[in-house]
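Morning, everyone. Please have a look at the model on the screen. I'll take it piece by piece.

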Amino acid sequence: MKPIYLDYNSTTPISATVAQAMAQCYQKGYLNPASQHRPGQEARLVLEKLRSEIIDMLGGVSTGMRTDRLILTSGGTESNNLAISGLARAARDASGAQRIIFSAIEHPSVIGIAHYLATQGFEIDTIAVDAHGVCDLCDLAAKLDAESSDSVAVVSIMAANNETGVIQPIQSAAQMCREKGIYFHTDAVQMVGKVDVNFSTLGADCLTFTAHKFHGPRGVGGLLVRNGIELTPLIYGGFQQMGTRPGTEDVALTTGLHQALLEHQQSPERDAEIKRLRDQLETSLLAIAPGSVINGSGAFRMSHTINISFPGINRQALLLAADFAGLAISTGSACASGSSDPSHVIIAMGASEEVIEGSIRISLGATTSQQEIDDSLTRFQQVIDRLSTL
Ligand SMILES: Cc1ncc(COP(=O)(O)O)c(C=O)c1O
């Protein structure tokens, strides 16, 4: 039985043209872009061209006096850590501000660094979400208006949630923070390369993305940083990337990131097709499993995600049975034992115990086909029928 991959929010297969562009790059044998000799300078020229085109594709400012910066990192986790820690420490050094506010549904890479910073003297606070999984801007406003608002160092809200696909009101949140002179970061990992993202219009000070979520290579991501903002580094070493993220930059990985973004831009029809397949699967699943619930369905969602609860069916049992039936799906967040904890996202939405226990994520990507959706429905039906009779 051919496995059907429906876990694109976790990672995506690298596209053939991305792999080809990277292979050509390796064949050219670019050396260290930080070297002063000619081969090094050749690599530097290629890298800086890629960097400036990536900034352009993401709607940042790549030329002139007010140029935004693209810091290349190892991926979304590092970009989130660098943004939160870098902005929080810079704000504390400048004004003594020491509160970090983030939404209750952030990825563990945001929650993790915030909790670490709490051990270093920072205070942390979360913004609530409503029943559809959308950040409550009244809660954010109350936190920013509080007497202690001048102590807020940074606010972080993701652009789209990785478990539900729910899109967050980033532009409004960024505006609210800007009016108070507070740094605002967004984790746009589940949005960049899937729909068009415009850094300038969104108004965030820093924006995280990672190539492997949109058919690029694993091991490379970026942090867009608004012109004029200095981040305190996470790691220390050489002068690469102006010391903010030292370490030798890799031309081939950056080529893969660039090519994957380019492919997204050159395929404007891709998102509509993914939405068509997602809606078809979602409607059919609701029909074969009466009583099932789509988490986040009352909000604007990314086209590639379904978060569904089959009440009465445990998510871990469903995941294992689905895997056995050749369906690669996921539960909320994997824990150290390889099992899964109940999703903090579905819990934050105030869902019932039954919905929390039964929630799984199905996610589609550019390589999902109609045949796979048709076949997956048959397999889901068999799995659900079997588990319902236990
Ligand atoms: C919303 C979000 N942020 C950050 C990350 C981490 O990205 P990476 O795997 O590149 O470290 C992920 C990956 O699952 C994600 O979905």
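The C-alpha centres of domain 1 and domain 2 sit 28 Å apart. Domain 1 covers 4-13 + 268-388, and domain 2 covers 16-265. Those bounds come from an automatic or database domain assignment. The contact between them takes 31 residues from domain 1 and 32 residues from domain 2. Contact here means heavy atoms within 4.5 Å.

How much area do domain 1 and domain 2 bury between them? About 2,500 Å², with 52% of it on carbon and sulfur atoms. Buried area is the accessible area (1.4 Å probe) that two parts lose on being put together, summed over both. On the domain 1 side, Arg-270, Met-302 and Met-349 lose the most area to domain 2. Together they make up 24% of what that side buries.

A word on the ground rules. This is a predicted model, where local features need pLDDT of at least 70 and side-chain atom pairs count only at pLDDT 80 or more, while totals for chains, interfaces and linings use all residues. Residues are numbered from 1 along each chain as its sequence is written, and side-chain values use heavy atoms, with hydrogens and water left out.

Helices (H or I, at least four residues) and strands (E, at least two) are DSSP runs, numbered from the N terminus.

Next, some distances. A polar side-chain atom of Asp-187 is 2.6 Å from a ligand nitrogen atom. An N or O atom in the side chain of Lys-213 is 2.6 Å from a ligand oxygen atom. Gly-76 uses a backbone N or O atom, 2.8 Å from an oxygen atom of the ligand.

Last stop, Arg-226. Where is Arg-226 placed? In the loop between strand 8 (221-225) and helix 8 (251-265). Leaving aside neighbours within four places in sequence, Arg-226 is in contact with Asp-68, Phe-199, Gly-203, Ala-204 and Asp-205. The Arg-226 side chain reaches the backbone oxygen of Ala-204 at 2.4 Å.

Notes:
A polar contact is a pair of N or O atoms within 3.5 Å; within protein, one must be able to donate a hydrogen and the other to accept it, and residues adjacent in sequence count only if both atoms are side-chain atoms.
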